[in-house]
Amino acid sequence: MLYVKAPAKINLTLDVLYKRPDNYHEVEMVMTTVDLADRISLESREDGVIEIISTDNFVPNDHRNFAYQAARLIKDTYGIRQGVSITIEKEIPIAAGLAGGSSDAAATLKGLNELWNLNLSIDELAELGAKIGSDVSFCVYGGTALATGRGEKIQELPAPPSCWVVLAKPKIGVSTAEVYGGLKVEGLEHPNTKQMIQAIETDNYELLCASLGNVLETVTFKLHPEVIMLKEQMRRFGADATLMSGSGPTVFGLVDSEARVSRIYNGLRGFCEEVYAVRILGERNTLA
Ligand SMILES: C[C@@](CO)(OP(=O)(O)O)[C@H](O)COP(=O)(O)OP(=O)(O)OC[C@H]1O[C@@H](n2ccc(N)nc2=O)[C@H](O)[C@@H]1O
Ligand SMILES: Nc1ncnc2c1ncn2[C@@H]1O[C@H](COP(=O)(O)OP(=O)(O)O)[C@@H](O)[C@H]1O
């Protein structure tokens with residue numbers, strides 16, 4: 001049995017440059033992993049079957065599961081005869097903008113590389129991951145990175161300034177495809193990606209807070225106005241800066257003092273069930 005951690009990501013910036021002919025959007029995103037993670041265990045089996053076991057009823061247990069797709073891809077690409085039982089202990093909220101499914105796929109790719117002695121490099125695993133979803137390559141590397149293309153081209157960045165991240169997810173799920181589909185690229189207010197990278201490279205927490213930005217907020221705010229309210233509440237309870245992660249609806253707040261973390265956490269818990277106080281992981285993953 002092999003255990004692999006699958007951490008969630010947040011988007012510190014998310015910019016869309018244009019809509020591509022293949023119907024994806026060309027993006028520029030600064031992403032980082034946080035220490036809220038699913039736990040994946042993998043057990044090789046001789047009958048060739050890929051089995052998904054999860055206690056969470058909202059996690060698909062068939063070919064729709066991204067971890068299933070990762071195992072299928074490895075089996076088909078490298079002609080592997082064995083199967084695998086994949087147990088997913090879900091901690092990351094689903095359809096939340098935190099890349100839970102993509103991270104499960106990335107952890108499965110890394111785990112199977114080890115379990116089946118494939119000796120693939122992290123770059124090869126990231127390339128395989130891009131076939132499953134745009135966020136999977138980033139999840140293979142973890143840490144902090146600039147993601148471009150449709151999200152699959154990854155340039156490593158140093159760890160951001162140390163701080164706390166309070167995450168709050170309203171009781172709604174958001175479809176990534178619907179949010180991208182509702183975006184009007186003309187007239188967008190673009191985040192300053194270069195300034196965000198500078199903030200990270202110079203370890204400047206104030207500049208990082210000032211550089212947060214996500215163009216998808218405009219779409220999700222229209223669909224679900226409660227997300228704006230949550231951002232405002234978080235700010236009122238004392239977060240230094242707030243942003244929606246990915247396509248949402250999770251909102252995160254950055255805080256540099258531990259005392260304020262509990263105030264924000266306790267304040268939000270009053271009207272939002274899913275609240276987490278976590279740290280930025282910062283460093284890149286090593287292979288499983
Ligand atoms: C918005 C982001 C930000 O990190 O994350 P989430 O909110 O999903 O966590 C990502 O761009 C989501 O990546 P991911 O969830 O892997 O998306 P995919 O499965 O590749 O694509 C789902 C759908 O989103 C749209 N899509 C996705 C990526 C992209 N660059 N342009 C798009 O237009 C397409 O309609 C696609 O069919
Ligand atoms: N391992 C998995 N964990 C969670 N959801 C999954 C998984 N595999 C496939 N899905 C499907 O992917 C959809 C998006 O889920 P998720 O990756 O959690 O969100 P997001 O794209 O917002 O980061 C879910 O609605 C779910 O049906």
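Which atom of ligand 2 is 2.8 Å from a polar backbone atom of glycine 101?

Modeller: That would be an oxygen atom of ligand 2, at 2.8 Å from a polar backbone atom of glycine 101. Keep in mind that we're looking at a predicted model here. Taken alone, ligand 2 exposes 550 Å², and the protein buries 79% of that. As for where to look, ligand 2 sits in the largest pocket.

Now back to the backbone. Alanine 99 has a backbone N or O atom lying 2.7 Å from an oxygen atom of ligand 2.

Let's zoom out to the whole shell. There are 16 residues around ligand 2, and the ones that come nearest are Lys90, Gly97, Ala99, Gly101 and Asp104. Sort the shell by class and you get eight nonpolar, five polar and three charged residues. Helix H2, which runs over residues 100–115, gives the largest share of this shell, with three residues.

One last stop, this time along the chain. An unreviewed UniProt entry carries the annotation "domain: GHMP kinase C-terminal" for residues 196–272. In the model, that span is 56% helix and 14% strand. Its end C-alpha atoms lie 29 Å apart.

Key. Residues numbered from 1 in each chain as written. Chains lettered and ligands numbered in written order. Predicted model: local features only at pLDDT ≥ 70, side-chain atom pairs only at ≥ 80, totals over all residues. Heavy atoms only, no water. Near = heavy atom within 4 Å. Polar contact = N/O pair within 3.5 Å; in protein donor to acceptor, adjacent residues only side chain to side chain. Areas by Shrake-Rupley, 256 points an atom, 1.4 Å probe, with all protein chains shown as cover. 1 Å grid on protein atoms, 1.4 Å probe; cavity = no way out; pocket = protein on both sides within 12 Å on 5 of 7 lines; lining within 4 Å. Sits in = over half its atoms within 2 Å of the grid points. Helix = DSSP H or I, 4+ residues; strand = E, 2+ residues; numbered from the N terminus. Nonpolar A, V, L, I, M, F, W, Y, C, P; charged D, E, K, R; others polar. UniProt positions renumbered as here; feature names shortened; annotations may be inferred.
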